[in-house]
Amino acid sequence: LSQRIDAEADQECLTHDKCRMALYVNAGLSAEIEATQFVNADGIGLYRTEIPFMLRERFPSEQEQVELYRQILLASPEQPITMRTLDVGGDKPLPYFPINEENPFLGWRGIRLTLDHPEIFLVQVRAMLRASIGLTNLQIMLPMISSVTEVKEAKRLIDQAFFEIKDEVKDMDVLLEKPRLGIMLEVPSVLYQLPQLAKQVDFFSVGSNDLTQYLLAVDRNNTRVASLYNSYHPAVLSALFDIVKQADANHVPVTVCGEIAGEPGGAILLMGMGYRKLSMNAHNLRKINWVIRNVSLEESRQLLMKALTAHTHEEVFSHINHYLEHRG
Ligand code: PEP
Ligand code: MG
């Protein structure tokens with residue numbers, strides 16, 4: 001089977017009944033960026049900028065960030081590259097910026113930290129914008145959004161950075177495009193504000209890893225409660241289904257970039273719900289491409305309908321396994 005998957009890896013990702021699914025890569029390490037070159041992806045759906053920050057001994061300068069981001073944007077200038085602003089805190093510490101909190105996952109994380117330190121945010125956004133000069137593929141994404149206020153505040157800072165850079169290059173004959181802006185949907189509060197958030201941004205991306213953690217109140221890294229952490233919990237599946245319906249109704253493109261998008265059963269369920277863009281680790285992409293090409297939308301909807309009747313994640317798994325075994 002793995003030989004067949006590899007042999008067909010270059011084929012366009014169409015469902016069995018010819019619906020186009022876009023597959024993107026999640027990356028952070030330079031090896032993951034390199035791996036993107038060897039898979040048939042539609043772009044980078046999530047570039048975790050905190051990874052290069054975590055590997056250093058101090059904050060990278062604006063110029064260092066420009067060079068890093070430029071390389072990534074240039075690696076596939078025709079494809080969208082979604083750069084997420086710094087998502088530190090929680091499970092992702094910076095060695096040179098210690099945060100001591102009793103409850104880090106509910107604390108100073110992601111956009112909360114960078115809005116409290118606009119100088120960090122502005123340097124990063126300025127670097128992204130400078131890196132994108134002459135290119136049109138940069139998209140910026142904000143992590144851990146829990147309110148409209150945070151989005152408005154971040155937009156104000158992004159505008160400020162944009163006008164600064166525009167002014168700096170005004171005598172040069174260069175193209176500087178305003179990047180498309182998106183937010184991560186990973187804090188449950190946003191599920192109840194999607195129409196309001198839709199007015200503020202160009203795209204949504206569901207962080208199902210954190211959405212699972214926050215919806216179920218289960219620390220995603222605590223082994224003691226690991227058995228309770230499950231993205232196939234019926235409540236999580238209902239949330240994912242609700243998000244895509246609301247995103248479609250508000251005409252905002254939506255991707256899923258958590259782990260569930262890179263799992264065969266998860267990808268089929270998401271496809272049945274109506275998701276058409278999935279972002280995953282490069283090493284899962286060929287497999288998911290193959291799975292999608294062998295499943296029709298109708299079949300994925302049938303599996304979803306069964307999964308939605310389940311009362312527990314074990315029952316969801318049993319529907320998925322039954323389907324996958326039946327399909328060979
Ligand atoms: C997520 O939360 O699902 C996600 C993709 O972001 P991260 O895993 O980096 O928190
Ligand atoms: Mg997350």
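**Note on the predicted model and its ligand shell**

1. The shell around ligand 1 holds 2 nonpolar, 4 polar and 4 charged residues. Its members are Leu-46, Arg-48, Asp-87, Glu-186, Gly-207, Ser-208, Asn-209, Asp-210, Cys-257 and Gly-258. Everything in this note refers to a predicted model.

2. Which elements each supply at least two residues of that shell? They are β2 (44–48) and α9 (208–216). The largest share, 3 residues, comes from α9.

3. On confidence, the average pLDDT of the protein is 96, and 100% of the residues score at least 70. Helix α1 (residues 2–7) has the lowest mean pLDDT among the elements, 84, while strand β6 (residues 203–206) has the highest, 99. For the model as a whole, ipTM is 0.99 and pTM is 0.97.

4. Strand β2 deserves a point of its own. Is β2 mostly covered or mostly exposed? It is mostly covered, with 5 of its 5 residues buried. This strand is also one of the elements that supply at least two residues to the shell around ligand 1.

5. The partners of β2 are as follows. β1 and β2 run parallel and are joined by 3 bridges; across this pairing, Val-25 stands opposite Ile-44 in β2. β2 and strand β3 (residues 81–84) also run parallel, again with 3 bridges, and here Ile-44 stands opposite Ile-81 in β3.

6. In general, most residues other than glycine have a negative phi. Lys-18, which is not a glycine, has a positive phi of about 70°. Lys-18 is found in the loop between α1 and β1 (22–27). Lys-18 counts as exposed because it has 10 C-beta neighbours inside 10 Å, the cut-off for exposed being 12 or fewer.

7. His-251 sits in the loop between α10 (234–249) and β7 (254–256). Why does His-251 count as exposed? The reason is that 7 other C-beta atoms lie within 10 Å.

Definitions and conventions. Residues numbered from 1 in each chain as written. Chains lettered and ligands numbered in written order. Predicted model: local features only at pLDDT ≥ 70, side-chain atom pairs only at ≥ 80, totals over all residues. Near = placed C-beta within 6 Å. Helix = DSSP H or I, 4+ residues; strand = E, 2+ residues; numbered from the N terminus. Nonpolar A, V, L, I, M, F, W, Y, C, P; charged D, E, K, R; others polar. pLDDT = per-residue confidence, 0-100. Buried ≥ 20, exposed ≤ 12 C-beta atoms within 10 Å, placed from the backbone. Pairing = 2+ DSSP bridges.
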